[in-house]
Amino acid sequence: DTALDIQTIRKDFPILSREVYGRPLVYLDNAATSQTPRQVLDVIVDYYSRYNANIHRGVHALSQEATDAYELARKKIQLHFNIGSTKEIIFTSGTTHSINLVANGFSSILKAGDEVLVSAMEHHSNIVPWQMLCERTGAILKVIPMSQDGELLMDNYRELLSGNTRLVFCNHVSNALGTINPIKEIIDEAHKVGAAVLVDGAQSAAHIRADLQELNVDFYTVSAHKMCGPTGIGILYGKEEWLQKLPPYQGGGEMIAEVTFEKTTYADLPHKFEAGTPNIAGGIAFGAAIDYLNNIGFDAIEAYENELLEYATASLLAIDGLKIYGTSKRKTSVISFNLEGIHPYDVGTILDKLGIAVRTGHHCAQPIMDFFGIPGTIRASFSFYNTKEEVDTLVAGVIKAREMLL
Ligand code: PMP
């Protein structure tokens with residue numbers, strides 16, 4: 001059994017003790033956003049209570065304290081992801097912002113006829129910015145196909161790669177299927193033809209501690225709110241050589257070296273990409289969230305979440321007419337499923353009335369739903385603070401929904 005003391009961990013999360021419709025909340029929508037422990041909430045209150053000030057500007061004490069705390073958070077992120085230099089960490093509002101920043105930068109690099117490859121299991125935020133980029137540049141978007149199990153077809157990927165390939169983008173973990181993609185292999189193969197790789201780590205970061213230097217990835221994106229941090233903050237990791245090459249995304253304060261009406265020169269990395277007043281409290285709280293997760297330990301988190309995933313998979317599969325989408329052996333804490341003959345939305349509505357929070361719909365990944373020929377799925381997604389009892393409540397709820405709807 002697990003080494004984690006889940007009941008003690010749950011006490012860190014005030015929201016987990018609330019009720020919904022008079023029933024205890026069973027929160028199984030962690031892939032959409034994770035909950036926030038008191039240790040992170042306290043950091044936000046402390047910031048606004050004691051040293052709220054704009055950073056990198058003032059000489060006054062509060063501004064210095066805020067700057068130091070914000071930059072310390074960057075340092076924590078560097079250590080956590082084993083990043084070579086803090087210059088390579090751009091604070092953004094999250095994964096969507098990070099991807100748009102890179103896609104915008106490549107507008108001035110790609111030429112008509114260049115090729116970019118996208119995996120078949122991407123979130124819309126790792127599809128749409130690239131389509132917009134292709135419209136601007138005349139580059140061609142090609143899709144790496146997947147199997148019925150929800151695994152990328154690596155032979156097809158190798159065939160798609162050529163001297164024309166400039167960029168490959170793929171998630172580390174699929175939010176709709178839970179598949180852990182073989183990103184090391186994807187990165188190494190792309191580099192053989194001189195293509196850069198962006199890995200969307202939005203869904204992996206809470207479950208897998210990625211070593212970005214070891215992966216040798218060119219870009220990696222993270223949203224803090226998926227890893228026990230607040231919304232509206234995340235990072236773009238980019239190799240320094242790439243970040244030097246890309247033009248700034250937004251202009252404004254903070255990102256300049258010198259401004260005259262004739263010409264502006266830009267600040268050094270990472271500030272070149274950080275225009276305007278950032279989410280200071282969010283950045284500091286992101287650092288606290290990383291501390292919180294590391295105090296529990298990623299090995300323990302992974303082991304326990306795998307246990308939960310196996311238990312939930314077996315329990316759900318025992319229900320008549322239940323089909324799981326995403327059956328790869330390499331998965332994290334997501335189970336996407338449907339009940340034969342029943343619309344996912346109807347199941348989600350009944351589960352909600354029972355206090356069980358799951359997501360229903362296309363999960364911002366319509367191409368995956370098209371691939372399976374379904375309108376959507378019911379998605380239960382787990383975190384280390386979920387329990388087997390909560391899985392049992394989910395299973396009982398799904399059985400009840402089936403009886404009511406069939
Ligand atoms: N990619 C994946 C795989 C995701 O799961 C999500 C969040 N659902 C995103 C990108 C977008 O992240 P954000 O909304 O935080 O920008």
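Strand 14 (residues 334–339) pairs with strand 17 (residues 377–381) in the antiparallel sense, over four bridges. Two strands count as paired if DSSP finds at least two bridges between them. Strands (E, at least two residues) and helices (H or I, at least four) are DSSP runs, numbered from the N terminus. This is a predicted model: local features need pLDDT of at least 70, side-chain atom pairs count only at pLDDT 80 or more, and totals for chains, interfaces and linings use all residues. Residues are numbered from 1 along each chain as its sequence is written.

**Confidence**
- The chain averages a pLDDT of 97, and 100% of the residues score at least 70.
- pLDDT is the predictor's confidence in each residue, from 0 to 100.
- ipTM is 0.98 and pTM is 0.97.

- Axes are lines fitted to C-alpha atoms, for helices over the stretch in contact; angles run from 0 to 180 degrees between N-to-C directions.
- Within the pair of strands 14 and 17, Val334 stands opposite Ser381 of strand 17.
- Contact means that the C-beta atoms of two residues, placed from the backbone, lie within 7 Å.

- Another open sheet has seven strands in the order 4-10-9-8-7-5-6, and its pairing is mixed.
- Strand 4 (89–92) and strand 6 (140–144) are its edge strands, each pairing on one side only.
- The twist averages 20° from one strand to the next.
- Strand 5 (residues 115–119) runs parallel to strand 6, paired over five bridges.
- Val118 stands opposite Val143 in strand 6.
- Helix 7 (residues 183–192) lies across strand 7 (165–171) and strand 8 (196–200), at about 175° to strand 7.

**Ligand shell**
- The ligand is surrounded by 13 residues; the closest are Gly94, Thr96, His123, Asn175 and Ser223.
- The shell divides into two nonpolar, ten polar and one charged residue.
- Ala, Val, Leu, Ile, Met, Phe, Trp, Tyr, Cys and Pro count as nonpolar, Asp, Glu, Lys and Arg as charged, and the others, Gly among them, as polar.

**Backbone exceptions**
- Most residues other than glycine have a negative phi, and most peptide bonds are trans.
- Tyr21 is not a glycine, yet has a positive phi of about 50°.
- Tyr21 sits in the loop between strand 1 (19–20) and strand 2 (23–24).
- A cis peptide bond joins Leu269 and Pro270, with omega about 0°.
- Pro270 is in the loop between strand 12 (264–266) and helix 10 (280–296).

Definitions and conventions. A residue is near a molecule or strand if its C-beta atom, placed from the backbone, lies within 6 Å of it.
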